Amino acid sequence: MVLQSTPEIVNAAAAAGKGIGAFNVIQIELAEALTAGATDVGAPVILQISENAVKYHGSLAPIANATLTIAQQSPTPVAVHLDHAESVDLIHEAVALGFTSVMFDGSHLDYDENVRVTAEVALHCHEHGVGIEAELGEVGGKDGVHAPGVRTNPQEAAAFVGATGVDALAVAVGSSHAMTSRDAQLDFELISRIRETVPVPLVLHGSSGVADEHLTRAVEAGMTKVNISTHLNHAFTDTVRAVLAENPELVDTRKYLGPAREAVRHEVSRLLGILNAI
Ligand code: G3H
Ligand code: ZN
């Protein structure tokens with residue numbers, strides 16, 4: 001199948017009141033697992049590569065080209081997104097490589113500067129047929145501190161979307177990045193109010209810290225793109241740890257990465273049901 005446009009699949013999900021899973025790729029096994037898990041249940045999916053993952057690899061193109069190829073070969077619709085990019089140069093590189101969307105993360109900037117840079121990036125993306133997500137309010141935890149961050153103001157969010165032309169908006173509603181417990185308290189009333197005022201699909205970040213039933217409620221309240229990373233790393237690493245503990249002599253990396261890939265595949269299928277993405 002050809003690569004899918006992120007705005008098309010996200011807008012279709014929003015119109016149908018469904019969620020769409022957006023899961024992070026760090027190694028190639030994750031791209032394979034996420035695509036297989038979505039294919040198993042017949043749901044579209046977004047594979048995303050963060051600026052931090054690019055820093056880990058040292059460059060974007062190798063992991064991006066592998067991910068784009070896996071997406072193109074997938075029988076289920078797959079889009080490929082650049083996540084949490086603060087570097088405009090990196091965004092330009094992703095657009096040139098064929099990503100279907102990017103996130104410009106100006107959440108650390110003041111409002112006016114966030115609007116100015118996001119609008120410039122949006123123009124560039126749209127000239128190339130690429131979708132753009134931005135963030136307003138700040139979902140905490142990216143620095144390792146699990147504070148829920150600054151909440152998004154619904155009126156400011158509507159003005160921000162109007163001033164920048166973004167296709168989707170990440171909002172701060174109580175979740176926090178990189179939580180390993182699933183006890184974040186979402187503000188469902190705030191999600192509904194933002195949904196009523198903002199004309200583009202909403203994105204929930206830091207969703208690993210949100211319990212299953214609250215993920216379902218968040219989609220019902222108006223969230224569409226749901227970003228999950230740490231929770232799947234947990235499934236992957238737990239499996240590696242268990243296989244190595246049982247087989248201390250093991251040296252073939254496929255013997256522990258393979259089972260870890262299978263564990264993520266099954267968890268992705270399960271999460272897509274929880275998100276009403278199927
Ligand atoms: O952009 C990525 C997500 O917000 C993932 O956050 O690792 O807390 O699930 P998470
Ligand atoms: Zn995030």
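Tutor: We will go from the whole chain to the ligand, then to single residues. Keep in mind that this is a predicted model.

Student: Where do I start? How many helices and strands are in the chain?

Tutor: Start with the secondary structure. The chain has 11 helices and eight strands. Its radius of gyration is 18 Å, close to the 19 Å that the globule rule gives for 278 residues, so the chain is as compact as a globular protein of that length.

Student: What does the C-alpha trace span along its principal axes?

Tutor: About 60 × 40 × 35 Å. Next, look at burial. Of the 278 residues, 54% count as buried. The chain still exposes about 11,300 Å², and carbon and sulfur atoms supply 54% of that area.

Student: How do I read the contacts in the chain?

Tutor: Look at sequence separation. Take the contacts with a separation of 6 or more: residues 24 or more positions apart account for 71% of them.

Student: Now the ligand. Which residues come nearest to ligand 1?

Tutor: There are 14 residues around ligand 1. Asp83, Ala178, Gly206, Ser208 and Thr230 come nearest. Then ask which elements supply the shell. Strand 3 (78-85) and strand 8 (223-228) each give at least two of its residues.

Student: How do the shell residues divide into nonpolar, polar and charged?

Tutor: Two are nonpolar, 11 are polar and one is charged.

Student: Which side chains have an N or O atom close to an oxygen of the ligand?

Tutor: Check the distances. An N or O atom in the Thr230 side chain is 2.5 Å from an oxygen atom of ligand 1. For the His177 side chain, the distance is 3.1 Å. A polar side-chain atom of His205 lies 3.2 Å from a ligand oxygen. As for cover, ligand 1 taken alone exposes 300 Å², and the protein buries 95% of that.

Student: What is Thr224 in contact with, leaving aside its neighbours within four places in sequence?

Tutor: Its partners include Val10, Ala13, Lys18, Gly19 and Leu202.

Student: Is Leu97 buried or partly exposed?

Tutor: Leu97 sits in helix 5 (residues 88-97). Its relative accessible area is 24%, so Leu97 is partly exposed. Setting aside neighbours within four places in sequence, Leu97 is in contact with Leu60, Ala61, Ala64, Asn65 and Leu68.

Student: And Thr239?

Tutor: Find Thr239 in helix 10 (residues 230-246). Thr239 has a relative accessible area of 17%, so it is buried. Beyond neighbours within four places in sequence, Thr239 is in contact with Pro259, Ala260 and Ala263.

Student: Where do His84 and Asn276 lie?

Tutor: His84 lies in strand 3. With a relative accessible area of 13%, His84 is buried. Asn276 is in the segment after helix 11 (253-274). At 38% relative accessibility, Asn276 counts as partly exposed.

Definitions and conventions. Residues numbered from 1 in each chain as written. Chains lettered and ligands numbered in written order. Predicted model: local features only at pLDDT ≥ 70, side-chain atom pairs only at ≥ 80, totals over all residues. Heavy atoms only, no water. Near = heavy atom within 4 Å. Polar contact = N/O pair within 3.5 Å; in protein donor to acceptor, adjacent residues only side chain to side chain. Areas by Shrake-Rupley, 256 points an atom, 1.4 Å probe, with all protein chains shown as cover. Helix = DSSP H or I, 4+ residues; strand = E, 2+ residues; numbered from the N terminus. Nonpolar A, V, L, I, M, F, W, Y, C, P; charged D, E, K, R; others polar. Rg over C-alpha atoms; globule rule 2.2 N^0.38 Å. Buried < 20%, exposed > 50% of the residue type's maximum accessible area, 1.4 Å probe, protein only. Contact = heavy atoms within 4.5 Å.
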